[in-house]
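Dear colleague,

Please find the structure below, passed on to you for your records.

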Amino acid sequence: MEFKDKVVIITGAGSGFGAAAVRKFVDEGANVIAADINEGSLVDIVESVAAAPGTTVAVTTDVTNRDAVQNMVDTAVKQFGTVDVLINNAGGGHPPQFLHEMSEEQYDFIFNLNTKSVFYGVQCAVPVMTENGGGVILNTASIGAKSPRPKSAAYNSAKGAVVVMTRALAVELARFKIRVNCLCPVASETDFFKSVTGQDAMTDEQRKFFTSDIPLRRMTDPDDVANAMVYLASDKASFLTGISLDIDGGKSI
Ligand SMILES: NC(=O)c1ccc[n+]([C@@H]2O[C@H](COP(=O)([O-])OP(=O)(O)OC[C@H]3O[C@@H](n4cnc5c(N)ncnc54)[C@H](O)[C@@H]3O)[C@@H](O)[C@H]2O)c1
């Protein structure tokens, strides 16, 4: 069990990639702080991993609120003594919309949720990691950061900032033995899709559209992302910092 006694904070843990990551890390023996704005989804995920070797504690957290993020980190320290890994994964998109037609409120919402949340996570967790002698930070960006599509400019730019912030933090925090990497998944049929489109599920036509330019002809499975998170957080990746890993079935080639 690679993460036995390691303390891992995962935001956006109630659904999709974050929930898959909770399952993988507790299977590897980690003590996980599962953070999400949706309290109900956290109850479900904590129940579903009750028999796993690791421990999971739910902390209802709005990652756009500094005090809430501080409380999330404080809870990790109080419950488990430190923070070894912080996964800034919570995020979300917007319905297809031209940037020049988007309201300022919507723009601020997208940047607060996807980018400023990483700033809060770093501000609250880095002092603990520094005291701990090091750590790992992972940020969930998106392949849209590298291959933007029309009507997604706000979301794609917010994730683009996460990619650059990851590289900047990698050089900034290396002196504290903190590695920083990010993940760039392609489309996945998680609740993200529902929240952006208002649909319950993709139609076959949409699935065909999303996979048509992916050489491996499928979308991201949440476990694809969770497996990459486990690897990047582990000592096997001890010389990797500042990378943005495309999890995209070859789409960006
Ligand atoms: N699904 C995709 O197509 C896709 C592709 C690339 C990147 N991403 C990114 O991956 C990450 C996870 O997405 P997902 O697909 O698992 O989506 P999801 O909607 O299934 O899960 C996101 C979780 O974040 C939580 N959340 C939303 N706002 C929050 C807030 N303010 N504070 C705390 N938690 C909050 C939601 O309650 C939800 O549980 C996001 O950053 C998303 O932008 C998703």
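**Findings in the model**

Val163 is found in helix 5, which covers residues 153–173. Please note that the model is a predicted one. With a relative accessible area of 12%, Val163 is buried, because that value is under the 20% cut-off. Leaving aside its neighbours within four places in sequence, Val163 is in contact with Ala141, Ala145, Cys182, Cys184 and Ser244. A further distance concerns Ser142: the C-alpha atoms of Val163 and Ser142 are separated by 8.7 Å, and the two residues are 21 apart along the chain.

**The chain as a whole**

The protein chain has eight helices and seven strands. Its radius of gyration is 17 Å, close to the 18 Å that the globule rule gives for 253 residues, so the chain is as compact as a globular protein of that length. Taken along the principal axes, the C-alpha atoms fill a box of roughly 45 × 40 × 35 Å.

Of the 253 residues in the protein chain, 49% are buried. The chain exposes about 12000 Å², and carbon and sulfur atoms supply 52% of that area. Among contacts between residues at least 6 apart in sequence, 71% join residues at least 24 apart. As for charge, the chain has 22 positive and 30 negative charges, and the mean positions of the two sets are 7 Å apart.

Asn88 belongs to strand 4, residues 85–88. Is Asn88 buried or exposed? Its relative accessibility is 6%, so Asn88 counts as buried. The side chain of Asn88 makes a polar contact of 2.9 Å with the side chain of Asn139.

Leu42 is placed in helix 2, residues 39–48. At 2% relative accessibility, Leu42 counts as buried. Not counting residues up to four places away in sequence, Leu42 touches Ala13, Gly14, Ala34, Ala35, Asp36, Ala58, Val59 and Thr60. Ala145, listed above as a contact of Val163, lies 28 Å from Leu42, C-alpha to C-alpha, and 103 residues away in sequence.

Thr61 is found in the loop between strand 3 (55–60) and helix 3 (66–80). Thr61, at 3% relative accessibility, counts as buried. Beyond residues up to four places away in sequence, Thr61 touches Ala35, Asp36, Ile37, Ala68, Val69 and Met72.

**A partly exposed glycine**

Gly91 occupies the loop between strand 4 and helix 4 (104–132). Its relative accessibility of 39% makes Gly91 partly exposed, because the value falls between the cut-offs of 20% and 50%. Gly91 touches Leu113, Asn114 and Lys159, not counting residues up to four places away in sequence. Lys194 is 103 residues from Gly91 along the chain, and the C-alpha atoms of these two residues are separated by 13 Å.

Most residues other than glycine have a negative phi. Which phi value does Asp5 have? Asp5 has a positive phi of about 70°, although it is not a glycine. Asp5 is placed in the segment before strand 1 (7–11). Its relative accessible area is 58%, and Asp5 is therefore exposed, the cut-off being over 50%.

Arg217 likewise has a positive phi, near 55°, in a residue other than glycine. The position of Arg217 is in the loop between helix 7 (204–211) and helix 8 (222–233). With a relative accessible area of 53%, Arg217 is exposed.

**In brief**

Asn88 is buried in relative accessibility terms and is joined to Asn139 through a side-chain polar contact. Leu42, Thr61 and Val163 are also buried. Asp5 and Arg217 are exposed, and each has a positive phi.

Yours sincerely

Conventions. Residues numbered from 1 in each chain as written. Predicted model: local features only at pLDDT ≥ 70, side-chain atom pairs only at ≥ 80, totals over all residues. Heavy atoms only, no water. Helix = DSSP H or I, 4+ residues; strand = E, 2+ residues; numbered from the N terminus. Rg over C-alpha atoms; globule rule 2.2 N^0.38 Å. Buried < 20%, exposed > 50% of the residue type's maximum accessible area, 1.4 Å probe, protein only. Contact = heavy atoms within 4.5 Å. Areas by Shrake-Rupley, 256 points an atom, 1.4 Å probe, with all protein chains shown as cover. Lys, Arg positive; Asp, Glu negative; His and termini not counted. Charge placed at Lys NZ, Arg CZ, Asp CG, Glu CD. Polar contact = N/O pair within 3.5 Å; in protein donor to acceptor, adjacent residues only side chain to side chain.
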